[in-house]
Amino acid sequence: MIKNTVPFLDLVAPHRELEQDLTSVFRAALQTASFIGGPAVERFEHDFAEFCEAKYCIGVGNGTDALRFALIAAGIRPGESVLTVPNTFIATTEAISQAGALPEFVDVDEQTSNMDVTKLHEYLEIQCYRDSATGRSISRRTGRPISAIVPVHLYGQTADMDPILDIANAYKLTVIEDACQAHGAEYFSAAGQCWKKAGSIGKVAAFSFYPGKNLGACGEAGAVTTNDEALAQTIRMIRDHGQVRKYYHAIEGYNGRLDAIQAGILGAKLPYLRDWNEKRRQAAARYRELLEPISDVIALPQALSWSRDVFHLYVVRSEDRDGLRSHLAESGIDTGIHYPIPLHLQDAYQHLGYRPGDFPVAERLASQILSLPMFPTLRPEQQVLVATQVIEFSSRSGSVLATAAVN
Ligand SMILES: *Cc1c(COP(=O)(O)O)cnc(C)c1O
């Protein structure tokens, strides 16, 4: 008997479909020998800015560069602290450290896995004090001034940005969106009475085009988006050795440019992104329909009235996540964990002095979350296969998830 298998992600099918377009990008680059920067990069920057409904887009080497350059250009300086969440990819905090700042964590909301705005407010009120000379919020934990907040739009759902912007405003902090998982995600701003695209909400935002992201390059790539012209100009300099023009360096920068082949490839794929995101939404709706009957055992992603998600990942929660994961693996179904160890408990961050129990929600989520197969070409029958196995496992072992009732 041939075993049915479901991959976690299929990166081959979409590239096979676009093979002609993609190879002609490569051919054009060979013919013009325009490999770094140039018209292909400018065209993509224009188109991606438009897609994000942001004024400016600056192509860079990868998402980590995008975050680091955004932080530096936004004025984050050595000696300061930046608030973010513990349940994100380490690139978020690497960028903060590499800008010379220290990450400080705020726990997340149990239902959305995104930054808990009440805890953010409490942190600034209770764990920080106002320096009377500068008016800045000083962290009691580190003695450093807090200069920015980096909310992460995790799994393709935007963080609750209105209150985050309000709090940032009240405490004079800059908001830098980590939109690396949220290409095309939208947030309904009650304050502005309109839907806003991820990447257009904070002061500046970072995107990754790592191959597995909703918009992926055939290699490394990233971008910064902003509505602030001066900030955009600074980032253009930072990504290219601080040059204002060739060999005139206003500042020291980095080698963080986007290459023309990746820009051409991204430009060829961008027209499909809306459709791919829609297919992810349909797949998410199908999972919900299939798994709803066991939603007291398996918590499903929460649909929010103020969010249009793009399902970079489809993450469920189970009391016996590891058991469920092995059961699915035995049935030929690949899954992932994003992420198994919250950043405050990683070896790399021992020096920050956090302990188990410091962020109970992020820690509980880390032990319960499981990412099911999710990609635009995921077929309904593959989803039935996944759901059948999830249900089979759950009806056998089914310990009720304490917090799943809200679904
Ligand atoms: C992918 C990702 C990044 C980093 O992007 P790279 O292109 O891999 O450098 C940063 N933050 C989050 C949340 C991500 O998912």
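Which residues have the most contacts inside the largest nonpolar core? They are Leu120, Ile164, Tyr314 and Leu372, in a core of 65 residues. This is a predicted model: local features need pLDDT of at least 70, side-chain atom pairs count only at pLDDT 80 or more, and totals for chains, interfaces and linings use all residues. Residues are numbered from 1 along each chain as its sequence is written, and side-chain values use heavy atoms, with hydrogens and water left out.

**Nonpolar cores**
- A nonpolar core is a set of buried Ala, Val, Leu, Ile, Met, Phe, Trp, Tyr and Cys residues joined through side-chain atoms within 4.5 Å.
- Buried means under 20% relative accessible area, with a 1.4 Å probe and protein chains only.
- The largest core has 65 residues, and at least three of its residues come from each of domain 1 (12-272) and domain 2 (274-406); domain bounds come from an automatic or database domain assignment.
- A second, separate core has 26 residues, among them Ile76, Ala95, Leu231 and Ile235.

**Helix α8**
- Helices (H or I, at least four residues) and strands (E, at least two) are DSSP runs, numbered from the N terminus.
- In α8 (residues 229-238), the residues Leu231, Ala232, Ile235, Met237 and Ile238 are buried.
- The buried residues of α8 pack against β1 (56-60), α4 (63-73), β10 (204-208), β11 (222-226) and β12 (243-245).

**Gln383**
- Gln383 lies in helix α12 (residues 380-397) and counts as buried because its relative accessibility is 0%.
- Beyond its neighbours within four places in sequence, Gln383 is in contact (heavy atoms within 4.5 Å) with Ala283, Arg286, Tyr287, Leu290 and Leu378.

Note on methods. Buried < 20%, exposed > 50% of the residue type's maximum accessible area, 1.4 Å probe, protein only.
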